[in-house]
Amino acid sequence: MLLAVCLLSEGQKLYLHWSHKIGILVSLTFSVVATAVLSDLWSKEWTTLLLSFQVTAPYLHVGGVLLMTALAWPIALHFFRMSSRVRRGLLVGVYLTVLSALCLVPLGLYSPCIKEKGTLGPAPALIGHRGAPMLAPENTLMSFEKAAEAGSEGLETDVTISFDGVPFLMHDRTLRRTTNIHNVFPNRSDTSASMFTWTELESLNAGAWFLSHDPFGTAGSLDAEDRLRAGNQSVCSLQAFLQLAAQTNKLVIFDLYRPPRGHPYRDTWIQRTLEVIQNESSIHSSQVLWLPSDLRTLVQETDPELQQTSGSRLPLEELQSNHIVKLNLHYSSMSTELISEYAAVNITTNLYVISQPWLYSLAWCTGVHSVTTNAPQLLATMSSPLFLMSPDEYNLMWILTDLLSLVLIFIIFIFHW
């Protein structure tokens with residue numbers, strides 16, 4: 001297709017064999033179908049793409065102007081070869097309209113990372129998503145220790161209740177992905193994790209899978225000592241997790257899964273978790289961002305020092321009546337207006353899961369208070385957001401780009417005249 005465009009731009013005719021025509025038709029059909037399928041599979045990624053435009057918009061504008069400048073060559077070539085004044089006027093009119101629109105785009109362009117000097121807020125605090133899952137098996141003590149060492153101010157996890165009432169850390173419904181359940185209890189690999197006793201859970205290895213599957217492609221970077229340690233991790237209890245947070249003075253936030261029907265703690269899973277926080281660990285209640293929405297009133301009455309956190313965007317009145325002090329939202333909810341609206345009533349915002357430097361930069365410029373991340377060791381090294389510039393710097397880049405483009409287009413048309 002690119003070759004055909006180049007040939008046409010030089011005034012060459014295309015002599016296509018019937019097989020070429022069929023090939024083009026098949027290629028176009030495949031492209032349309034593939035785009036439709038990928039759009040459905042990656043529906044959530046479109047939001048990420050739109051967010052990326054907020055930080056890259058100034059550079060996309062420059063790229064668009066430079067592309068239109070490059071198109072001046074074939075446009076000028078065809079312009080001077082045309083004998084019809086109407087076609088000439090139409091060609092140049094369309095070209096200049098698109099070029100003018102691109103040149104004026106900055107008048108309506110918004111990017112949170114175009115800020116006056118001195119107005120940038122502090123970097124969002126980091127909360128390790130299941131610890132530091134790039135450096136150690138997720139939801140293990142080693143993972144949380146690595147997150148603390150990397151500079152995380154908080155630790156995020158998932159809590160399930162064992163059959164005999166021991167809260168432990170497990171994200172998945174079953175134990176298949178992150179333990180050697182298929183070796184120890186081969187006939188129970190599809191059984192809910194909460195239907196195992198704590199003694200049975202302690203007999204499992206929760207680290208070897210990390211080295212064999214290498215989920216982030218980072219296991220190879222571990223030294224021999226860390227590899228040995230990672231391979232010997234076990235299922236972590238909520239008590240051990242909270243003790244680590246207490247010793248390192250970290251905040252904690254967790255999803256709490258209700259046990260299935262037939263489980264002894266199905267109706268008391270909230271109370272059992274509160275018992276561990278209050279009586280079986282040394283963590284202070286104010287270090288706990290309480291996320292579960294079930295029985296929130298009971299939880300507040302039982303332990304009013306817990307930081308009530310909501311995972312939903314609710315009306316301000318409802319958030320305030322529930323004593324919510326923090327929102328825990330997906331990063332697709334990122335908005336300067338939204339964050340400022342909640343901050344005005346002393347409700348901070350945490351976004352998950354942000355692991356890319358450009359997305360962290362956008363959260364920083366937007367004024368987000370904290371982010372949950374898979375890569376605390378990477379984001380903690382950033383001293384300023386990527387793509388950050390002042391309005392004056394951007395205006396200078398805008399004007400110079402447009403002037404350079406106009407000069408080059410003028411020279412190209414003179415050359416073909």
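Select E145 and R229 to begin: in this predicted model the two form a salt bridge, with their closest N and O atoms 2.0 Å apart, a salt bridge being a side-chain nitrogen of Lys or Arg within 4 Å of a carboxyl oxygen of Asp or Glu. E145 lies in helix 5 and R229 in helix 9 (residues 224-231), so the pair ties together parts that are 84 residues apart in sequence; helices (H or I, at least four residues) and strands (E, at least two) are DSSP runs, numbered from the N terminus. Both partners count as partly exposed, E145 at 23% relative accessibility and R229 at 32%, where buried means under 20% relative accessible area, exposed over 50% and partly exposed in between (1.4 Å probe, protein chains only).

Before moving on, note that because this is a predicted model, local features need pLDDT of at least 70 and side-chain atom pairs count only at pLDDT 80 or more, while totals for chains, interfaces and linings use all residues. Residues are numbered from 1 along each chain as its sequence is written, and side-chain values use heavy atoms, with hydrogens and water left out.

Next, select R177 and D172, whose side chains meet in a salt bridge at 2.7 Å, N to O. R177 is partly exposed, with a relative accessible area of 35%, whereas D172 counts as buried at 18% relative accessibility. A search of the whole structure finds 12 salt bridges.

One further salt bridge to display is that between E393 and K117, whose side chains meet at 3.7 Å, N to O. E393 lies in helix 17 and K117 in the loop between helix 4 and strand 1, so this pair ties together parts that are 276 residues apart in sequence. E393 counts as partly exposed at 39% relative accessibility, while K117, at 68%, counts as exposed.

Stay with helix 17 and select P391, which has its place in this helix and is partly exposed, with a relative accessible area of 22%. Leaving aside its neighbours within four places in sequence, P391 is in contact with I114, K115 and E116, contact meaning heavy atoms within 4.5 Å. For a sense of scale, draw a distance from P391 to A206: their C-alpha atoms are separated by 50 Å, and the two residues are 185 apart along the chain.

Further along, select V407, found in helix 17 (residues 391-416) and partly exposed, with a relative accessible area of 46%. V407 belongs to a nonpolar patch on the surface that it forms with L404, L408, F410, I411, I414 and W417, with about 780 Å² of accessible area together. Patches are made of residues with over 30% relative accessible area and no salt bridge, like charges being joined within 9 Å and nonpolar side chains (Val, Leu, Ile, Met, Phe, Trp, Tyr) within 5 Å; accessible areas come from the Shrake-Rupley method with a 1.4 Å probe, and for residues only the protein chains shown count as cover.

Now turn to the cysteines, and show C113 and C365, which a disulfide joins with an S to S distance of 2.3 Å, a disulfide being a pair of cysteine sulfur atoms within 2.5 Å. C113 lies in the loop between helix 4 (85-104) and strand 1 (125-129) and C365 in helix 15 (residues 357-366), so the pair ties together parts that are 252 residues apart in sequence. The torsion about the S-S bond is about 105°, so the disulfide is right-handed. C113 counts as buried at 1% relative accessibility, and C365 likewise counts as buried at 4%. The structure holds 1 disulfide.

Two helices remain. In helix 10 (residues 238-248), select L238, F241, L242, L244 and A245, which are buried. Seen down the axis of helix 10, its buried residues fall within an arc of 155°, so they line one face of the helix; the arc is that of the directions from the helix axis to the C-beta atoms. What covers these residues includes helix 5 (141-150), strand 2 (154-161), strand 3 (167-169), strand 4 (251-256) and helix 11 (269-279). Just after helix 10, N249 takes a positive phi of about 60°.

Finish at helix 14 (residues 336-343), where the buried residues are L338, I339 and Y342. They cover an arc of only 95° around the axis, which puts them on the same side of helix 14. These buried residues pack against helix 13 (316-321), strand 7 (326-330), strand 8 (348-352) and helix 15.
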